[in-house]
Amino acid sequence: MNNRLKVLRAMHDWSQAELAGRLDVSRQAVNAIETGKHDPSLPLAFRIARLFEMRIEEIFDDQHE
């Protein structure tokens with residue numbers, strides 16, 4: 001799954017550790033999501049969307065047309 005998490009994090013000038021703290025997950029979890037090695041759970045995807053004040057679909061792309 002493609003995502004804009006790294007770009008959004010950079011726009012806020014947050015490190016992976018800072019974002020992880022805001023989401024209550026590990027820095028490793030943020031890294032795994034950013035690099036596409038792991039997809040977030042639905043509750044985590046909602047927390048990410050709320051944090052950036054965006055819809056989930058604006059952050060994550062499941063590559064289906």
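## Overall fold

Of the contacts in the chain with a separation of 6 or more, 54% are accounted for by residues 24 or more positions apart, where contact means heavy atoms within 4.5 Å. The model is a predicted one, in which local features need pLDDT of at least 70 and side-chain atom pairs count only at pLDDT 80 or more, while totals for chains, interfaces and linings use all residues. Residues are numbered from 1 along each chain as its sequence is written, and side-chain values use heavy atoms, with hydrogens and water left out.

The chain holds five helices and two strands, these being DSSP runs (H or I of at least four residues for helices, E of at least two for strands) numbered from the N terminus. Along the sequence their order is β-α-α-α-α-α-β. The radius of gyration is 11 Å, close to the 11 Å that the globule rule gives for 65 residues, so the chain is as compact as a globular protein of that length; the radius is taken over C-alpha atoms, and the rule is 2.2 Å times the number of residues to the power 0.38.

## Surface and charge

The accessible surface of the chain comes to about 4500 Å², of which 48% belongs to carbon and sulfur atoms, as computed by the Shrake-Rupley method with a 1.4 Å probe.

There are 9 positive and 11 negative side chains, and the centres of the two sets lie 6 Å apart. Lys and Arg count as positive and Asp and Glu as negative, with His and the chain ends not counted; each charge is placed at NZ of Lys, CZ of Arg, CG of Asp or CD of Glu.

## Helix α3

Within helix α3, which covers residues 27-34, V30, A32, I33 and E34 are buried. The buried residues of this helix pack against β1 (2-3), α1 (5-11), α2 (16-23), α4 (42-52) and β2 (60-61). After α3 comes G36, whose phi is positive, near 80°.

The rings of W14 and F52 have centres 5.6 Å apart and planes at 40°, so the pair is tilted. This pair links distant parts of the chain, with W14 in the loop between α1 and α2 and F52 in helix α4, 38 residues apart. Both W14 and F52 are buried.

R9, in helix α1, counts as buried at 12% relative accessibility. Leaving aside neighbours within four places in sequence, R9 is in contact with W14, S15, Q16, L19, E34 and F52.

Technical notes:
Buried means under 20% relative accessible area, exposed over 50%, partly exposed in between (1.4 Å probe, protein chains only). Rings of Phe, Tyr and Trp (its six-membered ring) pair if their centres lie within 6.5 Å; planes under 30 degrees apart count as stacked, over 60 as edge-to-face and the rest as tilted.
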